[in-house]
Amino acid sequence: MDTLKRRHFTTTINQQQFSKSGYEQVPLDPIDFDENGKLYKPLRLPENKILAFWQQYNDILIPAFFTVLSFWTRFYLISYSSFVVWDEAHFGKFGSHYLKREFYFDVHPPLGKMLVGLAGLLAGYNGSFEFGSGEAYPADVNYAFMRIFFATFGAWMVPLAYFTAIELDFSQHAVILATLMVLLDTAYLCISRFILLDSMLLFFTFTTLFFLTKFHNQRNDPFSIDWWLWLILTGMSIGCVTSVKWVGLFVTALVGLYTIEDLWDKFGDLSMPKTVYLKHWIARIVCLIILPIQIYMLCFAIHFAILNKSGPGDAQMSSLFQAGLRGNNFYGNPIDLAYGSKFTLKNMGYGGGLLHSHVQTYPSGSKQQQVTCYHHRDSNNEWFIKKMREENEENEEENNSTDVEFVKHNDIVRLVHSSTCRNLHSHHVNAPVTKSQYEVSCYGNEQLGDQNDYWIIEVVDDLLENTPRIRVMTTRLRFRHKTLGCYLRAANAVLPQWGFKQVEVTCDKNNNPSDSHTYWNLEHHWNDKLPAGGSAHYRTLFLHDFWHLNVAMYTSNNALIPDPDKEDILASNPWQWPLLQVGIRICGWDDKAVKYYLLGNPIIWWSGTASLVTFVFLFVWHLIRRQRQFHDFSQAQWTHFLYVGKICLIGWLLHFMPFFIMGRVTYLHHYFPALYFSILMCAFVLDQLTSSCNQITKHIVFGISYLAVILVFWYFKDIAFGFDYPSSELKGRQWLSSWNLVD
Amino acid sequence: MTDHKVRQRHGIQVMEPPDSVQNAPILDEKKTIGHTKKYTKKRIVSNSALAILTLLSFITRFWKIDHPHQVVYYLKRTYYFDVHPPLAKLMLAGIGWFLGYDGHFEFDNIGDDYITNDVPYIGLRSLPAALGALLVPLTYMIMIESGYPVITAILAAGLVLFDNALICQTRLILLDSMLVFFMLCTFYCYIRFYKYRLREFSNEWWFWMIASGVALGLTLSVKLVGLFTVLTIGIAVIVDLWNLLDIKRGLTMDHFKKHFYARAIGLIIVPIFVYLFWFYLHFAILNTSGPGDSFMSPAFQETLQGNVMSLESLEIRFNDTITLKHKSTSVFLHSHPQRYPLRYNDGRISSQGQQVTGYKFEDANNYWLIKPAKIFMDPSRPEDDFVKHGDYILLEHINTETHLLTHDVASPLMPTNQEFTTMPKDDDSRYNETVFQVLIDDGDSDTKWKTKSSYIRLIHFDTKVALWTHDKLLPEWAFKQQEINGNKNNVEKSNIWIADQIVGKNEPPKRHLPFFAKFFELQRLMLSHNSGLTKPHPYSSTPVNWPFLVRGISFWTNNNDREQIYLLGNPFTWWISVGAMAVLVGVLSADLISRRRAIHPISEPVRNRLLNSGLFFFMAWFIHYAPFYLMGRSLFLHHYLPALICSYMVAAVVFNFMFVDSVNYPISVTGPRKAPRIVAKAVVRDITVITCTILLAISACVFYYFSPLTYGTPGIEPEGIRSRMWLDSWDLHFQPKRHDA
């Protein structure tokens with residue numbers, strides 16, 4: 001604590017302020033200009049010409065040099081592995097769906113996958129390839145082009161990092177360090193070289209931060225053209241990043257926090273007229289809230305417009321939406337429900353599936369046959385509607401006739417599962433997951449059964465017109481259990497592995513008439529005695545479909561929980577990431593195969609994490625010194641120190657901490673956006689630590705850092721470029737025993 | 001409300017001296033002495049209020065404490081007591097020991113009767129109840145020490161007094177009353193300490209700081225939730241230190257360091273030592289008493305031991321020789337060459353087989369060899385595999401080379417139970433009758449049978465009876481040893497046996513673990529056990545429901561008289577405390593926003609009190625509440641009780657802000673340097689008293705209305721249940737049947 005002794009405030013710092021970027025190194029004295037204001041050609045010796053050129057143009061040459069390197073590293077040997085690597089299997093397939101225009105469902109928003117489709121289109125790919133994991137690409141799929149398309153996004157990360165560091169006012173040394181780290185991180189490099197969404201996600205995260213720093217630097221000139229430009233670009237970038245993956249919401253949160261602080265500062269500025277303050281608010285609301293939402297929705301609008309045929313994702317959407325897809329013959333369904341009809345029943349809650357049963361039984365509770373909600377079409381979704389057994393016997397003869405009796409409101413019915421002939425049943429047994437409600441099972445058969453097999457049909461309303469009958473797709477129904485009085489409900493609670501992760505169906509004791517999870521509608525409907533349906537026109541609202549799909553995505557995302565019964569070798573825990581304790585084998589590990597190992601450049605990851613800790617100590621240290629009235633910084637420097645620190649530290653926290661709270665399964669590549677903030681922090685902290693050193697020391701310190709990054713990259717480069725020799729030859733590179741680079 | 005605020009501001013303008021320090025009235029000790037008469041009168045009012053509140057509190061907590069005379073709780077005892085540090089268990093054990101209770105009872109099932117099992121449950125319950133009753137005066141004293149007028153303190157204490165959930169939870173043999181009690185002690189001591197800040201390093205200053213540290217340690221030693229209290233005090237200390245560090249305070253760095261180290265000792269080192277001390281005591285008691293020793297053996301001891309035992313236990317393999325000890329009577333399974341007499345005194349006839357008895361002492365005749373029952377064995381398992389739950393075994397008596405057997409012959413003393421005997425080991429003719437299945441309590445097919453720590457039942461393969469013994473002794477012909485027989489009720493608790501040792505293997509088995517090794521092992525076990533409590537429970541709830549009292553917990557029911565105990569707070573007081581916290585946040589945010597625009601709506605002393613005292617209570621509430629959102633384990637309403645008390649204090653602070661003009665200021669003990677200070681005085685008006693009375697009257701009525709659920713008596717008719725179901729989500733028992741249209 002001796003250093004806390006009072007010291008006179010020094011003013012030498014101001015000089016350092018002027019050596020930040022290369023600009024100031026060219027002396028621009030008035031004598032360098034002629035009368036017309038033109039610059040004299042500097043008088044140099046011929047051998048210094050190159051140096052002069054360098055000094056004049058280094059603010060372009062340096063980034064250009066890095067950009068070229070970046071493109072070279074990203075494109076080098078890109079078609080080396082001619083197999084479907086890792087999640088190319090998913091995203092390639094989604095791209096194919098766009099080319100085939102078949103509706104599919106996925107947990108990620110559509111922008112990134114639409115670009116996969118676009119890449120495929122440009123590559124002349126017709127969408128017929130299945131993208132099976134580990135399969136070889138057929139000759140007619142130009143996978144190299146598709147990979148180049150995505151590698152381009154990855155390559156632009158490097159110049160973006162360069163200019164962001166410039167905007168953050170780093171010294172030239174630090175700018176180069178940050179750029180070099182983004183360029184030479186093996187994880188960034190590796191993930192950018194395949195048909196994956198991550199390069200796009202990272203690209204848009206980088207642009208968002210870049211535009212934000214640009215905008216920040218316009219803060220003294222509000223409402224100017226540049227100010228508006230960068231604000232709007234920030235908003236657009238937010239829209240894009242969230243349309244690729246929801247992880248983009250974290251960088252959005254960073255922009256949000258920045259904006260709130262900015263507005264709070266302005267709120268305290270008593271000299272600012274209130275109308276101007278209001279204008280600040282409106283500008284931000286329009287550019288940072290409305291604009292991104294518009295872009296996000298536009299992506300979905302295009303998504304719906306492209307995917308106009310029936311496909312594997314139909315069942316996630318409402319019946320009416322499905323009716324609008326080509327290839328679904330819903331128009332042929334008989335319209336009105338009658339006794340003896342066969343049908344499928346769709347839950348109308350957001351993300352609701354089809355009522356389903358299968359021969360597997362509940363492992364606890366009644367141990368009877370399971371009833372679930374399922375999002376895929378199969379014959380186990382089909383049910384018959386029948387009368388109560390008592391009535392059935394009386395009317396047995398009538399049943400054989402061709403007379404049709406339609407089902408009405410308040411009828412007491414029995415629902416019979418088509419393939420197992422068991423009755424939909426509920427009883428005084430708690431549901432397996434939602435313990436407060438009753439279990440729903442399938443029980444008995446045509447003869448065997450009891451009063452608990454009976455349900456009362458309650459018609460809520462009809463979306464098209466009022467009719468006493470129950471119409472397919474448009475009538476909203478509820479099923480009340482006759483003896484228990486509870487309502488059939490499916491509300492996105494997921495069953496464990498024994499229920500195949502399908503949605504739990506329960507009988508809700510509380511009658512909540514506005515709960516859409518208790519609403520059901522008929523989807524498919526078969527009845528030979530009835531005429532095929534007419535040409536009723538079914539329409540859906542875009543907003544409704546948009547919201548429906550997003551809720552379904554959210555639900556499925558939450559359902560991606562780690563499976564305790566199954567060990568996922570690829571998954572990892574968030575606390576393993578900052579110290580790079582894991583890597584991922586992203587393809588088969590045969591000795592002869594081309595192999596890639598997703599692993600960061602250890603020196604970059606470790607120094608990034610160390611710098612975050614160092615910054616916290618630096619910050620507390622300076623805070624304590626300020627409390628004792630030692631001012632090591634001028635006010636402007638202190639504000640800048642806080643600004644960069646906040647951007648990097650809070651940005652890192654926002655991109656990292658949420659993964660601890662999330663229940664879903666997490667992978668190493670979820671850390672990549674956070675890594676960027678730690679890289680910037682590393683350069684910044686090194687800058688701070690060397691700020692009082694002389695130029696030579698700085699050269700040495702940064703020179704060593706560059707060298708370390710480059711050498712470690714060179715040592716590890718094969719895992720990112722791919723290698724076809726046995727992994728055992730890389731034994732020396734297995735620095736941590738927790739890596740599974742070598743068996 | 002706006003009306004009051006205007007008046008309040010007005011009141012301050014009248015009351016408050018001009019801001020400039022020179023003109024401010026100066027605190028004068030002599031002047032204070034001049035007011036002695038008024039001062040004493042005030043003290044009498046305050047003390048009698050305290051006395052009345054305390055009396056009421058004891059009455060509400062102790063009323064019908066003997067009802068019901070059954071186990072009331074809903075979680076298995078082992079879970080409940082294993083996951084927490086030992087202090088509360090030691091306290092209960094101490095009471096039990098004091099009452100001469102030998103700890104034979106298991107507390108296993110809700111509804112097990114205390115009277116028939118001869119448990120001094122009233123004595124055991126009175127400890128938590130007494131501490132629970134003391135919460136009321138403690139709350140009162142905290143408010144008084146924080147500088148609030150008597151009426152505000154009465155309100156805070158009254159809210160605690162009439163809270164059904166606090167009464168319900170603290171009347172039972174549970175840990176929460178101790179936790180909350182020590183938590184409030186910590187707050188009280190820390191506030192007293194803080195008030196001595198102007199007399200730094202004085203004796204009182206040291207005393208109250210060390211006292212806060214001790215109380216903090218005690219809180220932590222009851223439940224790990226005490227860590228939230230540590231965090232609360234920690235933040236308060238950091239803020240305090242930060243202000244001391246400010247150069248404007250004029251402290252030298254050395255002086256500051258003295259402050260820093262003093263707090264490090266008082267509030268970090270002292271609590272750690274207190275915490276360690278209880279563990280030390282815990283281990284010391286465990287070491288001086290073996291199983292069955294009756295020195296300190298309330299039921300808890302066994303679970304306390306469970307953890308340490310598991311360190312010393314060994315896994316049993318086939319072809320090990322073991323001794324088997326009966327859990328509740330502590331005899332070993334024993335056999336000797338003597339045979340049962342052909343004819344008993346009552347005329348019944350025996351098989352005349354070799355005697356199998358229960359023997360209290362170590363003896364080579366207690367040795368049994370475990371052999372796999374080959375025909376039931378998975379052939380792929382190795383010869384010396386571990387014995388697991390569900391395995392079929394034969395027990396060979398080593399000395400006589402015979403197999404243990406039971407058959408459908410009445411036992412010597414109980415015609416209803418089967419006789420145990422043995423067969424020569426090379427005689428396969430009655431093989432099936434020599435096969436037993438090992439069932440481990442709470443085991444599944446992967447659970448290994450371990451010495452000392454596994455509770456097992458031996459079920460006969462052929463007849464499904466369980467190996468059993470009781471404290472009846474056989475006559476002379478069996479040397480007055482205990483009778484062993486086969487119990488047809490094979491799920492009874494008294495069928496439990498424990499493998500005491502593996503002969504030859506664990507001859508001196510006792511590893512002497514150093515204190516810290518045991519300590520850290522137990523910490524690890526507690527944490528993993530705690531986070532392992534993820535099994536969904538019908539009455540578990542999520543934190544978001546707690547402040548709004550969305551759901552309670554059913555503790556106990558009695559179908560005959562329609563009686564039930566249902567943990568439910570006083571809805572009125574819960575809801576006004578949530579409302580009060582919203583008001584506090586609103587007021588502070590409004591203040592923050594207006595100050596940003598250079599408007600200062602609240603006078604400095606009032607604002608100071610709101611920030612220092614109100615915000616402290618609010619922070620205490622937040623820290624005792626918010627972390628539950630991050631926990632993965634199953635959570636229950638009673639986890640909210642520590643936070644609830646804090647929210648009542650916030651409610652009183654908000655009441656004070658709304659209905660009392662100004663505040664008593666300053667309240668800290670004056671220091672040696674008598675710097676002139678601004679003085680303000682709280683003014684209690686009629687409206688204040690009336691509001692407080694109305695609030696407390698409503699609280700009392702609502703409390704009374706719901707009290708049958710709290711005390712478990714009298715029973716309520718279905719209509720009464722329905723009218724008490726203010727929220728549909730309160731799943732009370734004995735609801736009227738639904739009549740749906």
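Reader: Hi! What span should helix 6 of chain B have, and how far apart are its end C-alpha atoms?

Author: Helix 6 covers residues 121–145 of chain B, and at 1.5 Å a residue its 25 residues should span 36 Å. Its end C-alpha atoms are 36 Å apart, which agrees. Keep in mind that this is a predicted model.

Reader: Thanks! And where does helix 6 of chain B bend?

Author: At B:L127, by about 25°. A proline, B:P128, follows within four residues.

Reader: What happens just after helix 6 of chain B?

Author: There, B:G147 takes a positive phi of about 90°.

Reader: How many residues of helix 6 of chain B are buried?

Author: 19 of the 25, so helix 6 of chain B is largely enclosed by the rest of the structure.

Reader: At what angle do helix 6 and helix 7 of chain B pack?

Author: At about 155°, with their axes 8 Å apart; helix 7 is residues 150–161. Angles over 145 degrees count as roughly antiparallel, so helix 6 of chain B is roughly antiparallel to helix 7 of chain B. Among the residues making the contact are B:L135, B:Y140 and B:M143 of helix 6 and B:V150, B:I154 and B:L161 of helix 7.

Reader: Is that crossing left-handed or right-handed?

Author: Right-handed.

Reader: Is A:S70 buried or exposed?

Author: Buried, with a relative accessible area of 0%.

Reader: Which residues does A:S70 touch?

Author: Leaving out residues up to four places away in sequence, A:S70 touches A:A155, A:V158 and A:L183.

Conventions
Residues numbered from 1 in each chain as written. Chains lettered and ligands numbered in written order. Predicted model: local features only at pLDDT ≥ 70, side-chain atom pairs only at ≥ 80, totals over all residues. Heavy atoms only, no water. Helix = DSSP H or I, 4+ residues; strand = E, 2+ residues; numbered from the N terminus. Expected span 1.5 Å × (residues − 1). Bend = angle between axes of the 7 residues up to and from the residue. Buried < 20%, exposed > 50% of the residue type's maximum accessible area, 1.4 Å probe, protein only. Axes fitted to C-alpha atoms, helices over the stretch in contact; angles between N-to-C directions. Parallel < 35°, antiparallel > 145°, perpendicular 65-115°, else oblique. Left-handed = near helix turned anticlockwise from the far one by under 90°. Contact = heavy atoms within 4.5 Å.
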